[in-house]
Amino acid sequence: MSDPMNVLAPEHRRLRIGDAWRDAAGGATFAVEDPATGKTIAEVADAGVVDGLAALDVASKAMAEWAATPPRKRSELLTATYRALTERSEEVARLITLEMGKPLAEARAEVAYGAEFFRWFAEEAVRVEGRYNTAPAGGYRILTVPKPVGPCVFVTPWNFPLAMGARKIAPALAAGCTTITKPAAQTPLTMLFLARIMEEAGVPPGVVNVVTTKRSGEVVSALLADRRTRKLSFTGSTEVGRVLLRQAADNVLRTSMELGGNAALIVCADADLDVALDGAMVAKMRNIGESCIAANRIYVEEPVREEFTARFAERMGALSVGHGLDDGVDVGALIDEASVTRIDELVADAVNRGARVLVGGERPDGPGHFYPPTVLVDVPEDARMLEAEIFGPVAPIISFTSDDEVMAKANDTEHGLVGYVFTRDLQRALRFTEGLETGMLGINRGLISDPSAPFGGVKQSGIGKEGSHEGILEYLDVTYAAIDLP
């Protein structure tokens with residue numbers, strides 16, 4: 001296989017601040033590893049607080065000029081980024097696989113998905129509108145003017161290292177905001193490559209800054225404590241999200257929080273089982289199950305439980321596991337050894353409480369962070385995996401006998417990001433749509449992510465929406481002027 005690291009020269013493994021690629025203050029670096037081998041593939045700059053504040057300084061200075069840039073110009077730069085990502089999709093995909101572990105086919109799909117955010121928000125950039133109208137009582141006019149919120153801080157996760165950054169950067173730039181992105185320490189290379197692509201596409205210096213660090217807490221805390229920061233967008237766990245929300249409260253920052261999930265996938269007895277199986281495989285195994293919208297709990301109505309379970313287990317057992325860059329691999333490596341250990345402990349806990357493993361369930365020997373596709377049945381309600389976000393290729397199957405029963409079980413969680421329902425009964429689908437406490441729902445569909453749709457959860461799964469028209473509104477304030485005009 002060719003070396004994907006050839007696309008990211010050493011000078012582009014440093015911090016991107018303003019118009020420069022610079023070392024961290026003091027010259028600190030940290031290692032990035034290939035999760036399929038455990039071997040170091042690159043050293044990148046390890047920023048400290050001084051570096052984070054330097055990025056905020058240039059983002060603040062660039063803010064006025066970027067906000068005044070005509071929307072059409074901002075749109076054209078986003079379109080240029082979309083085209084560059086599309087043209088270089090294979091290079092980006094191979095880099096994603098190398099540092100994150102997902103199979104190359106899924107990495108290619110992520111690049112296509114991430115690029116679409118730049119195309120979508122290129123179109124939204126020229127459609128930001130205020131309004132002008134007569135006050136209902138007469139005597140004056142109401143004018144509303146949307147304005148960019150200001151410099152934005154983004155904290156992005158490792159599981160979709162391109163798409164999660166694109167989903168934040170594209171609407172921010174479309175609205176006229178400057179940005180500082182702190183990517184996950186496990187997968188910083190993809191975001192650095194995106195910054196390079198945007199530089200080459202003509203995005204002005206200071207508009208897109210990338211600060212890589214293993215000292216995330218202290219760097220992000222310093223950025224949030226600085227009054228020049230006006231917006232925080234975070235994708236990650238609910239636990240970390242709570243901490244960041246408390247910090248953001250001190251300066252009353254605008255926040256968008258896409259937090260953890262505990263998705264229920266419900267297969268009704270009247271479902272088309274072929275459609276349900278296809279949907280369940282996507283909802284469970286997309287991105288190796290390392291996704292906040294992955295099916296975490298699979299509920300199957302009793303009349304079809306046996307057939308669905310047997311067919312699902314057969315398909316899970318047929319998946320091939322290996323290095324994501326190798327041909328024919330369906331399931332790549334998990335992100336790190338801690339993830340493998342945690343998943344193995346969740347499976348052991350369920351088995352100790354009475355669950356049975358139909359497929360998988362044992363971590364393999366050898367290098368790399370692998371765990372096999374696993375299916376469990378007879379999973380008791382007190383099993384930890386029904387409460388935790390599994391974030392891996394493990395599927396617990398639970399039977400149900402009525403809609404009220406499964407609705408109550410599905411809603412019995414602090415999370416409310418997404419759910420999935422498979423049924424051929426329209427009225428039943430609508431009842432689930434109204435009754436399930438989720439921000440998103442897939443009906444006879446296991447893939448719901450789309451740049452043109454509002455992505456976000458309810459309860460402790462987050463605040464705000466990303467994508468769609470709603471996505472750009474998260475980066476706009478509104479000034480209201482009352483104009484005397486008898």
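Leaving aside neighbours within four places in sequence, Arg 228 is in contact (heavy atoms within 4.5 Å) with Leu 53, Leu 56, Asp 57, Ser 60 and Pro 151. The structure is a predicted model, in which local features need pLDDT of at least 70 and side-chain atom pairs count only at pLDDT 80 or more, while totals for chains, interfaces and linings use all residues. Residues are numbered from 1 along each chain as its sequence is written, and side-chain values use heavy atoms, with hydrogens and water left out.

Arg 228 is placed in the loop between α7 (216-225) and β10 (231-235); helices (H or I, at least four residues) and strands (E, at least two) are DSSP runs, numbered from the N terminus. With a relative accessible area of 32%, Arg 228 is partly exposed; buried means under 20% relative accessible area, exposed over 50%, and partly exposed in between (1.4 Å probe, protein chains only). Arg 22 lies 206 residues from Arg 228 along the chain, and the C-alpha atoms of the two are separated by 22 Å.

Apart from neighbours within four places in sequence, Glu 110 is in contact with Ile 96, Lys 102, Asn 159, Phe 160, Pro 161, Leu 162 and Ala 163.

Two helix pairs involve α6. The axes of helix α3 (residues 89-100) and α6 come within 8 Å and cross at roughly 160°; axes are lines fitted to C-alpha atoms, for helices over the stretch in contact, and angles run from 0 to 180 degrees between N-to-C directions. This crossing makes α3 roughly antiparallel to α6, given that angles under 35 degrees count as roughly parallel, over 145 as roughly antiparallel, 65 to 115 as roughly perpendicular and the rest as oblique. On the α3 side the contact is made by Glu 91, Val 92, Leu 95, Ile 96 and Glu 99, and on the α6 side by Pro 188, Leu 189, Thr 190, Phe 193 and Ile 197. By class, the contact of α3 with α6 has seven nonpolar, one polar and two charged residues; Ala, Val, Leu, Ile, Met, Phe, Trp, Tyr, Cys and Pro count as nonpolar, Asp, Glu, Lys and Arg as charged, and the others, Gly among them, as polar.

Helix α5 (residues 163-175) packs against helix α6 (residues 188-201) at an angle of about 30°, with the axes 11 Å apart. The two helices are therefore roughly parallel to each other. Gly 165, Ile 169 and Leu 173 of α5 meet Met 191, Leu 194 and Met 198 of α6 in this contact, whose residues divide into five nonpolar, one polar and no charged.

Seven strands form an open sheet of mixed pairing, in the order β14-β15-β16-β13-β12-β17-β18; two strands pair if DSSP finds at least two bridges between them. The edge strands, each pairing on one side only, are β14 (356-359) and β18 (440-443). Neighbouring strands of the sheet are turned by 25° against each other on average, direction ignored. Helix α11 (residues 337-352) packs on the sheet and touches β14, β15 and β16 (394-400), its direction making about 25° with that of β15. Helix α13 (residues 426-435) also packs on the sheet, where it touches β12 (263-267), β13 (295-301), β16, β17 (418-422) and β18; the direction of α13 makes about 165° with that of β18.

Within the sheet, β14 and strand β15 (residues 374-377) pair in the antiparallel sense over three bridges, and Val 359 has Val 375 in β15 as its bridge partner. Strands β12 and β13 run parallel and are joined by five bridges; Ala 264 stands opposite Arg 297 in β13. Five of the five residues of β12 are buried. Ala 263, Leu 265 and Val 267 point one way from β12, and Ala 264 and Ile 266 the other way.

Most residues other than glycine have a negative phi. In the loop between β15 and β16, Asp 378 has a positive phi of about 55° and is partly exposed, with a relative accessible area of 45%. Phe 391 is found in the loop between β15 and β16, and its phi is near 55°, also a positive value. At 16% relative accessibility, Phe 391 counts as buried.
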